[in-house]
Amino acid sequence: MSSMTAPTQAKILNGKDFLTMKESAPTAIADLLKLAQTIKGKMRAGEEYTPLKGKTLGMIFEKSSTRTRVSFEVGMLQLGGHALFLSGNDLQIGRGETISDTAKVLSEYIDGIMIRTFEHEKILELSENASIPVINGLTDLAHPCQVLADFLTIIEIKGQLKGLKMSYIGDGNNVANSLMVGCAKMGMDFSIGCPEAYKPDEKVVAYAQKVAEETGSEIVVTTSASEAIKDADIVYSDVWTSMGQEIENSIRLEAFKDYQINGELVKLAKEDYLFMHCLPAHREEEVTAEVIDGPNSVVFHQAGNRLHAQKAVLVDLMS
């Protein structure tokens, strides 16, 4: 692990929420990563660290998840707090209560909300009406907590972010959107190889390219997987069919058939490339077992860092 000291300021994020990478300045992202390393070090050393003692996080899940639920729930427990799992069936949202009313009611009971949902507009409405912190556990537009864990992993192995090249091969989805913006802010080159019909959100691309001009990085969107992956330090993939898109599965399998990350394609990346995947993975679809289970893969190290990165967000927003 590279040596990084804890940030000195009391609060890192300048808003009450953590919704996308766009709202966080590069210095804030760097300081969150420093805090995550500090918290991880305390845990590994067996040091008691419970800044959220007496605090409760409500976790709203309209999309199920392994890593998001377990990491947030365990994170709150280890920080001295408590987490409530709230599915759509557990809340009156499932019976027509408005998001704004739900936000106002939950603000009377708990200290923070993490939501994993579909439309990004839902989290914006929740944030606008809640008086407590709101954390994006995933929407169809963005997945910022995943990117923090990814960056923490890269720093631990490569020792830096700035100047590295990340290549993302596959669907221009929420993970791709957040990685693109995060890379631009941290001075990393980012290239995505995907079919024309599955490119990332145009507004996100335009914003990332504008930021990249300021940080000296490069954002490339191409339909060529081989062009995107050339000389990459990090090779990243995600499933071709995300939750809620199952009806499109056969169409997507055909559209992405030339975008599989396999032993032949990764020869174009740097020899010491890292393979990353936000999981769950479909072996022999978006990535072959040879790659994801090979020596360059860090997917489980990456998954483990969801716990530590999210602890940093929880501590910053809720302590």
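Trainee: Take contacts between residues at least 6 apart in sequence. What share of them join residues at least 24 apart?
Mentor: In this chain, 76% of them do. Keep in mind that this is a predicted model.

Trainee: Okay. How many helices and strands are there?
Mentor: Eleven helices and nine strands.

Trainee: What box do the C-alpha atoms fill?
Mentor: Roughly 55 × 45 × 35 Å, taken along the principal axes.

Trainee: What percentage of the residues is buried?
Mentor: Buried residues make up 56% of the 319.

Trainee: Switching to charges. How many positive and negative side chains are there?
Mentor: The chain has 31 positive and 44 negative ones. The centres of the two sets lie 5 Å apart.

Trainee: Let's do aromatics. How many pairs turn up in the whole structure?
Mentor: Five aromatic pairs. One of them is formed by Tyr198 and Phe256. That pair is tilted, with 4.8 Å centre to centre and 50° between the planes.

Trainee: Where do those two sit in the chain?
Mentor: Tyr198 is in the loop between strand E6 (189–193) and helix H7 (202–215). Phe256 is in the loop between helix H9 (249–255) and strand E9 (274–277). They are 58 residues apart, so the pair links distant parts of the chain.

Trainee: Are Tyr198 and Phe256 buried or exposed?
Mentor: Tyr198 is buried, at 15% relative accessible area. Phe256 is buried too, at 0%. The cut-off for buried is under 20%.

Trainee: Which pair do Trp240 and Phe256 form, stacked or tilted?
Mentor: Stacked. The centres are 5.7 Å apart, with 15° between the planes. Trp240 lies in the loop between strand E8 (234–237) and H9, and Phe256 in the loop between H9 and E9. So the pair ties together parts that are 16 residues apart in sequence.

Trainee: What about the burial of Trp240?
Mentor: Trp240 has 4% relative accessibility, so it counts as buried.

Trainee: Last one. Which residues do ring pairs link into a cluster?
Mentor: Tyr198, Trp240, Phe256 and Tyr259.

How values were computed. Residues are numbered from 1 along each chain as its sequence is written. This is a predicted model: local features need pLDDT of at least 70, side-chain atom pairs count only at pLDDT 80 or more; totals for chains, interfaces and linings use all residues. Side-chain values use heavy atoms; hydrogens and water are left out. Helices (H or I, at least four residues) and strands (E, at least two) are DSSP runs, numbered from the N terminus. Buried means under 20% relative accessible area, exposed over 50%, partly exposed in between (1.4 Å probe, protein chains only). Contact means heavy atoms within 4.5 Å. Lys and Arg count as positive and Asp and Glu as negative; His and the chain ends are not counted. The place of a charge is taken as NZ of Lys, CZ of Arg, CG of Asp or CD of Glu. Rings of Phe, Tyr and Trp (its six-membered ring) pair if their centres lie within 6.5 Å; planes under 30 degrees apart count as stacked, over 60 as edge-to-face and the rest as tilted.
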